[in-house]
Amino acid sequence: MALFQRPQVATLYHRLAEPPRQLIALFGPRQTGKTTIVRQVLRQIDLESRYWAVDEPESDRFRIPSATTEATFFAPQVPDKKRLRERLVENWEEARLKAEQFGGFVLVCDEIQEIPQWSETVKGLWDADRARGCPLHVVILGSAPLLMQSGLSESLAGRFESIRVTHWSFDEMSAAFDFDLPRYLYFGGYPGAVPFVRDPDRWRDYILGALVEPNIERDLLAMTRVDKPALLKRLFELGAVYSGQILSYTKMLGQLQDAGNTTTLARYLDLLASAGLLAGMPKYAGRVHRVRASSPKLNVLNTALMTAGSGYSFAEAQADRSFWGRIVESAVGAHLFNTATSDIRLHYWRDGSQEVDFVLQRGARIVAIEVKSGAKRMPLGGMDEFEQCFSPRSSLLVGEGGIPLNEFLTVPAHYWFEEA
């Protein structure tokens, strides 16, 4: 694991090798390796740096060693929400002096969304640096993507370059931890959970307690207005159970036993997707208003979120052909969602009994994808009907008789537009 590097390491390294033209923002779900990526880069570059973890006071004023310096530790400070903005300014000003002294410096602010009104403060400091030509690189990290994106787009438009960090893919888990396909499908793409896979109880506790709970409590409920927090939590639990299935908002409300409305559920699904937990894919209809009104297809964004609370052991999950088939389909959906570029939309399609599992859309071009697991009966007419109605650029069969699943999970979503 110590030697494995995600692709974002090279991207960040090259950005820091250039003169500081923009802020660099790394954002993505918890436990996807954002901090590790930054630490690996800081140990490779020649610039000195300071890493400040906003939510971990013991990490305050810990300087990562560069290729030519040693690590330096300072006394920890007691966290104080009211002082976080002041501490941001203090760290920035000290880094600014170092940058001017050494001709370059890197300041890293981790979990920056914890600072009230962080984006306005960063804007003022960054603009001041640009006015004076200060050679200070600034890297900001956050585990609340929706809040990060909001702050960046509202106050820092034109001043930042984003590096998206998503869940680990099959080829990454295979290269770093020697995961085979069945283990990846069941245990998912959380590197921090790997030490616990031989202890099912500890593994489930880690996924549900150390990952899901903080994602919801700290990244959603504490950072975003949610009028019905209990409904949001139950919606995630429902989505984990029904991952890979189409479920109408009306049926969801019935299952959740809540007097909410479909607009609230749609917004909560967007929040859960922003946190890397659960997506609600709309039906492909060719018309925007019909897409928005459709019943969503629920899909976890990491299959560990589906299996951890299922009650199935690894062996039991494989023995239940129906459940394993939904894991396979959910893994494909998660992979497409996590690797899709910003100009690609992910849908499903259904007309009566005819169905296509996934539809990728990039502008006017579409790619239809059907997943075939050993347990799934192939709806032979679904793809034919879809092709007649919408003339996709290409139609793909993933699994038995088509593209091997392990191969499909190694290429990003945009590949199918370039190769089709």
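**Entry 1: Asn215**

I looked up Asn215 and found it in helix H8 (residues 200–221); helices here are DSSP runs of H or I with at least four residues, strands are DSSP runs of E with at least two, and both are numbered from the N terminus. The model is a predicted one, in which local features need pLDDT of at least 70 and side-chain atom pairs count only at pLDDT 80 or more, while totals for chains, interfaces and linings use all residues. Residues are numbered from 1 along each chain as its sequence is written, and side-chain values use heavy atoms, with hydrogens and water left out.

Is Asn215 buried or exposed? I found Asn215 buried, with a relative accessible area of 1%; buried means under 20% relative accessible area, exposed means over 50%, and partly exposed lies in between (1.4 Å probe, protein chains only). I then listed the contacts of Asn215, leaving aside its neighbours within four places in sequence, and noted Arg30, Leu220, Ala275 and Leu277. Contact means heavy atoms within 4.5 Å.

**Entry 2: the chain as a whole**

I noted 18 helices and 11 strands in the chain. Of its 420 residues, 52% are buried. Among contacts between residues at least 6 apart in sequence, 67% join residues at least 24 apart.

**Entry 3: the open sheet**

I traced an open sheet of 5 strands in the order S2-S3-S4-S1-S5, with parallel pairing; two strands pair if DSSP finds at least two bridges between them. Strand S2 (49–53) and strand S5 (160–164) stand at the edges with a single partner strand each, so one side of each has no neighbour in the sheet. From one strand to the next the twist averages 15°. Axes are lines fitted to C-alpha atoms, for helices over the stretch in contact, and angles run from 0 to 180 degrees between N-to-C directions.

I followed S2 to strand S3 (residues 105–110), which it joins in parallel through 5 bridges. Ser49 stands opposite Val106 in S3.

Which helices did I find against these strands? Helix H1 (residues 7–17) packs on the sheet and touches strand S1 (23–27), S3, strand S4 (136–142) and S5, its direction making about 160° with that of S5. Helix H2 (residues 34–42) lies across S1, S2, S3 and S4, and runs at about 160° to S4.

**Entry 4: strand S4**

I checked burial along S4 and found 7 of its 7 residues buried, so the strand is largely enclosed by the rest of the structure. On one side these are Leu136, Val138, Ile140 and Gly142, and on the other His137, Val139 and Leu141. In a regular strand the side chains alternate between the two faces of the sheet.

S4 pairs with S1 in the parallel sense over 4 bridges, where Val139 is the bridge partner of Ile24. S4 also pairs with S3 in the parallel sense, over 5 bridges, and here Ile140 is the bridge partner of Cys109.

**Entry 5: helix H11**

I looked up helix H11 (residues 262–274), whose 13 residues reach 18 Å from first C-alpha to last, close to the 18 Å expected at 1.5 Å a residue; the expected span is 1.5 Å times one less than the number of residues. Buried residues in H11 include Leu265, Tyr268, Leu269 and Leu272. Just after H11, Gly276 takes a positive phi of about 75°.
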